[in-house]
Each structure stands twice: as C-alpha cells, then as structure tokens.
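Here is a short note for a colleague who is new to this structure. Please read the points with the model open beside you.

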Amino acid sequence: MTNNLRRDRIKHFTTFGQKLPHAKVYYREDWQTIYFDLAGKMFGLMSPTLSDEAIITLKGDPDSNRELRDMYPDISAGYHVNKRHWISIKLNTEQLSDQEIDAMIKQSYLLVFNNLPAPLRREFTENNW
C-alpha cells in the first residue's frame with residue numbers, strides 16, 4: 001500500500017469518526033496518536049504515521065474480537081489496551097475494506113455510548129438522534 005493510500009485511509013477513518021453523533025476525533029499530543037473520543041471516553045486510537053506498522057485500535061465484543069483475530073492475520077490483540085476487549089487492525093490491510101472498518105468503528109462507538117451514564121445517553125439521544 002502506498003503512502004497516498006495510507007494517508008487517504010487515515011483521513012477517511014478520521015472523517016467517519018467525526019460524523020458519529022457527539023464524537024470527536026483529534027490528534028492527542030501527549031499520546032502522539034489520533035484519538036476517537038465520546039464524552040471523554042476512548043472508542044479508538046489510530047496511528048498518525050504512514051508506516052507499514054500503522055494501526056487503528058477499536059473496542060469490540062471479546063468473542064467477536066477472538067473470531068476476527070482468527071480470521072484475519074492483519075487483526076491482532078489491541079496494542080497498549082485490554083487485549084480481550086480491543087483489536088488492532090493494520091491500516092495497510094487489503095483483507096478488510098474501508099466500509100468493513102467503518103462498521104467496526106461504529107460498533108466501538110456504540111459499545112462506549114451504551115456504557116455512558118443513562119442521563120447523558122438520554123441527553124445525546126434527545127439532541128441528535
């Protein structure tokens with residue numbers, strides 16, 4: 001995968017994450033990573049670099065995560081996070097389309113959303129859904 005394709009993918013996933021209601025996606029200076037945030041809770045991390053090692057790390061159901069790791073060599077246990085609840089996907093993967101990774105980003109977002117305090121979920125739902 002060329003650097004232009006990696007750059008496009010980073011831009012695509014950043015834009016997709018920013019379109020989710022109440023989500024923020026920004027470069028987090030102290031961690032030197034692109035941070036996916038919902039109400040102060042992390043739902044993803046992404047390498048800002050264009051290297052072959054660049055990854056996106058997302059939250060998922062532990063059983064689904066295990067199945068995905070078994071199915072795809074480009075998916076591994078989450079890097080620097082709970083290995084059971086998070087997976088890391090190589091950004092240069094050709095095994096998964098952008099749309100499949102978009103669905104994983106949305107699933108990660110929903111897992112975090114569903115664990116927010118009920119009043120905040122209600123407020124978010126009333127104001128944007």
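**Notes on the model**

1. Start with Arg 69. At 26% relative accessibility, Arg 69 counts as partly exposed. The cut-offs explain the label: under 20% is buried and over 50% is exposed, so a value in between is partly exposed. Bear in mind that this is a predicted model.

2. Where does Arg 69 lie? Arg 69 is in helix H2, which covers residues 62-71. Leaving out residues up to four places away in sequence, Arg 69 touches Ile 75, Ser 76, Ala 77, Lys 83, Trp 86 and Ile 87. For Ile 87, the C-alpha to C-alpha distance from Arg 69 is 7.9 Å. The two are 18 residues apart in sequence.

3. Now step back to the fold. The protein has four helices and six strands. Along the sequence they follow the pattern α-β-β-β-β-α-β-β-α-α.

4. Next, the overall dimensions. For 129 residues, a compact globule would have a radius of gyration near 14 Å. The protein has 14 Å, so the two agree. The C-alpha trace spans about 45 × 30 × 30 Å along its principal axes.

5. How much of the protein is buried? Of the 129 residues, 42% count as buried. The accessible surface comes to about 7400 Å². Carbon and sulfur atoms hold 49% of that surface.

6. Consider the contacts along the chain.

7. The charges deserve a brief look. There are 17 positive and 17 negative side chains. The centres of the two sets lie 5 Å apart.

8. Ser 88 lies in strand E6, residues 86-90. Is Ser 88 buried or exposed? Its relative accessible area is 2%, so Ser 88 is buried.

9. Look at the polar partners of Ser 88. Its side chain makes a polar contact with the side chain of Thr 57, at 2.7 Å. A polar atom of the Ser 88 side chain also lies 3.0 Å from the backbone nitrogen of Tyr 79.

10. Two histidines call for a check of the backbone. Most residues other than glycine have a negative phi. His 22 has a positive phi of about 70° and is not a glycine. His 22 sits in the loop between helix H1 (3-19) and strand E1 (23-28). With 29% relative accessibility, His 22 is partly exposed.

11. The other histidine is His 80. Its phi is near 65°, again a positive value in a residue other than glycine. His 80 is in the loop between strand E5 (75-77) and E6. Its relative accessible area is 65%, so His 80 is exposed.

12. Arg 84 is also found in the loop between E5 and E6. Arg 84 counts as exposed, at 53% relative accessibility. What does Arg 84 contact, leaving aside its neighbours within four places in sequence? Its partners are Pro 62 and Asn 65. Arg 84 and Gly 60 are 24 residues apart in sequence. Their C-alpha atoms are 8.5 Å apart in space.

13. Val 25 is in strand E1. At 8% relative accessibility, Val 25 is buried. With neighbours within four places set aside, Val 25 is in contact with Thr 14, Gly 17, Gln 18, Ile 34, Tyr 35 and Phe 36. Val 25 and Ser 47 are 22 residues apart in sequence and 12 Å apart in space, C-alpha to C-alpha.

14. End with Glu 53. It lies in the loop between strand E3 (41-46) and strand E4 (55-59). Glu 53 has a relative accessible area of 61%, so this residue is exposed. How far is the C-alpha atom of Glu 53 from that of Leu 91? The separation is 7.9 Å, for two residues 38 apart along the chain.

Technical notes. Residues are numbered from 1 along each chain as its sequence is written. This is a predicted model: local features need pLDDT of at least 70, side-chain atom pairs count only at pLDDT 80 or more; totals for chains, interfaces and linings use all residues. Side-chain values use heavy atoms; hydrogens and water are left out. The radius of gyration is taken over C-alpha atoms; the globule rule is 2.2 Å times the number of residues to the power 0.38. Buried means under 20% relative accessible area, exposed over 50%, partly exposed in between (1.4 Å probe, protein chains only). Accessible areas come from the Shrake-Rupley method with a 1.4 Å probe; for residues, only the protein chains shown count as cover. Lys and Arg count as positive and Asp and Glu as negative; His and the chain ends are not counted. The place of a charge is taken as NZ of Lys, CZ of Arg, CG of Asp or CD of Glu. A polar contact is a pair of N or O atoms within 3.5 Å; within protein, one must be able to donate a hydrogen and the other to accept it, and residues adjacent in sequence count only if both atoms are side-chain atoms. Contact means heavy atoms within 4.5 Å.
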